[in-house]
Amino acid sequence: MAPLAPRTGDAVFANVERVNAELFTLTYGAIVRQLLTDLEEVEEVNKQLDQMGYNIGVRLIDEFLAKSGVSSCVDFRETADVIAKVGFKMFLGVTASVTNWDAEGTSCSLVLDDNPLVDFVELPDTCQGLYYCNILSGVIRGALEMVSMKTEVTWIRDMLHGDDAYELRVKLLKQVPEEYPYKDDE
Amino acid sequence: MIGAGKIKQYANVLDKPLSRGRQEVSLSAFAFLFSELVQYNQTRVDNIAELERRLEDAGYAVGARVLELLCHREKGNRRETRLLGILSFVHSTVWKVLFGKVADSLEKGTEHEDEYMISEKELLVNRFISIPKDMGTFNCGAFVAGIVKVRMGYDLAVFHWLFVTSISSNWPKLNKLLFLEKGVLDGAGFPAVVTAHFVPVEGQHRPRTTILIKFAEEVLQREARLG
């Protein structure tokens, strides 16, 4: 079968099965609440959320590549663009914008205008150190690692902490060269 | 609009306009998230019953919020007060909002008067789940059971409250009853036990999921009084 032509985020999103965003939002809220009760330390919760995101990212990349028809990106710039325009759209139904590139083209910011994770959410004083959406950074890190890119993903701005948008800083640490021939079993 | 209307900031989460609940995310996003919920909880428990209880707790947290949301949005702040009314509300309205369709069936138990069943051929949360042999009767539907549980508990508590206050309207008592209502919302004194079960269906590869609702005795007595 010929590879699918790359599709736009909207087209992919229109073709996947969808669920009510509120169920998703509230389920995520239930997870965060459970973690806060179990782990008590906000730092630990951040770590656990990141780990969960990583687990998701590692698996999500398969579906992403299969359904989006995106082929290898020529550089990190294109990668960031694809994440923002196709990745976010395909899974969360929102898009991000890519800004603030550094001179080397190895780190940039993903800015989210709309974030389905945080609806109905307000952080109490006791949780000020919590990165509520930390799962997202884990997802990006996990997914990129599966396509040979070691990254570091951190939160720069968070509306729950009073900022005016959600901004994720994605920094490319190392591009692991692909090894030929692939060690396939077949 | 769900998701904080485009960079507009509100001082308080309650100042935000209520979303109309039309926004969607991909089913996989939910499935991935749910799978993490289950996997995480698996690391915190020693047995299946505990795991189901923890999932039920998570569902309960969702249910409490869905309830508030739907009462405002779908029902103009009115609540159901009768048994059948509540059941059909769960079966149709709640299911429709959460899972995009009404539940496959709502039946009354044949053996016990106090039992009702909501069945679903392919419950959303069980869709991508296969249960390992060694986990026996474990059912992720426990999460949905938690959602339903809250609905039953709360609606009936409010109903109870209305009923009692209509015969006595002095203030101290009223306050006490308001407290009771809150207690039920928090999970104390539940008038129904809700569980999820797999039921094999002939000619079908996968079993369907049945949510069994067993009402507490006082609920049925109350219902009988109302005739």
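In chain B, 4 strands make up an open sheet with the order β2-β3-β5-β4 and antiparallel pairing. At its edges stand β2 (105–108) and β4 (192–199) of chain B, each of which pairs on one side only. Direction ignored, neighbouring strands of this sheet are turned by 20° against each other on average. Helices (H or I, at least four residues) and strands (E, at least two) are DSSP runs, numbered from the N terminus, and two strands pair if DSSP finds at least two bridges between them. Axes are lines fitted to C-alpha atoms, for helices over the stretch in contact, and angles run from 0 to 180 degrees between N-to-C directions.

This is a predicted model, in which local features need pLDDT of at least 70 and side-chain atom pairs count only at pLDDT 80 or more, while totals for chains, interfaces and linings use all residues. Residues are numbered from 1 along each chain as its sequence is written, chains are lettered from A and ligands numbered from 1 in the order in which they are written, and side-chain values use heavy atoms, with hydrogens and water left out.

Within the chain B sheet, β2(B) and β3(B) are antiparallel and share 4 bridges. A hairpin of 6 residues links β2(B) to β3(B), and S105(B) has S119(B) in β3(B) as its bridge partner. On to the next pair: strand β3 (residues 115–120) of chain B is joined to strand β5 (residues 208–215) of chain B by 6 bridges, again antiparallel. There, Y116(B) is placed opposite I213(B) in β5(B).

Chain B as a whole contains 6 helices and 5 strands, arranged along the sequence as β-α-α-α-β-β-α-α-β-β-α. Of its 227 residues, 48% count as buried, where buried means under 20% relative accessible area, exposed over 50%, and partly exposed in between (1.4 Å probe, protein chains only). Of the contacts (heavy atoms within 4.5 Å) in chain B between residues at least 6 apart in sequence, 62% link residues at least 24 apart.

One residue of helix α1 of chain B is N41(B). N41(B) is buried, because its relative accessible area is 0%. Leaving aside residues up to four places away in sequence, N41(B) touches Q34(A), L51(B), R54(B) and L55(B).

Chain A also has antiparallel pairs. Its β3(A) pairs with strand β5 (residues 166–175) of chain A over 6 bridges, with L112(A) opposite Y166(A) in β5(A). Strand β4 (residues 149–157) of chain A pairs with β5(A) over 8 bridges, and W155(A) faces L168(A) in β5(A) across this pairing. The loop between β3 (107–112) and α5 of chain A holds D113(A). Because its relative accessible area is 32%, D113(A) is partly exposed. From D113(A) to K150(A) the separation is 37 residues in sequence and 26 Å in space, C-alpha to C-alpha.

The second largest pocket has a volume of about 820 Å³. Its lining comprises 35 residues, and I61(A), F64(A), A143(A), L144(A) and V147(A) lie nearest its centre. Two or more lining residues come from each of α3 (42–68), α4 (76–92) and α5 (134–146) of chain A and α1 (27–42) of chain B. By class, the lining has 28 nonpolar, 6 polar and 1 charged residues; Ala, Val, Leu, Ile, Met, Phe, Trp, Tyr, Cys and Pro count as nonpolar, Asp, Glu, Lys and Arg as charged, and the others, Gly among them, as polar. On a 1 Å grid over the protein atoms alone, a pocket is an open set of points where a 1.4 Å probe fits, with protein on both sides within 12 Å along at least five of seven lines, and lining residues have an atom within 4 Å of a point. Grid points are joined across faces, edges and corners, and a volume is the space filled by probe spheres set on the points.
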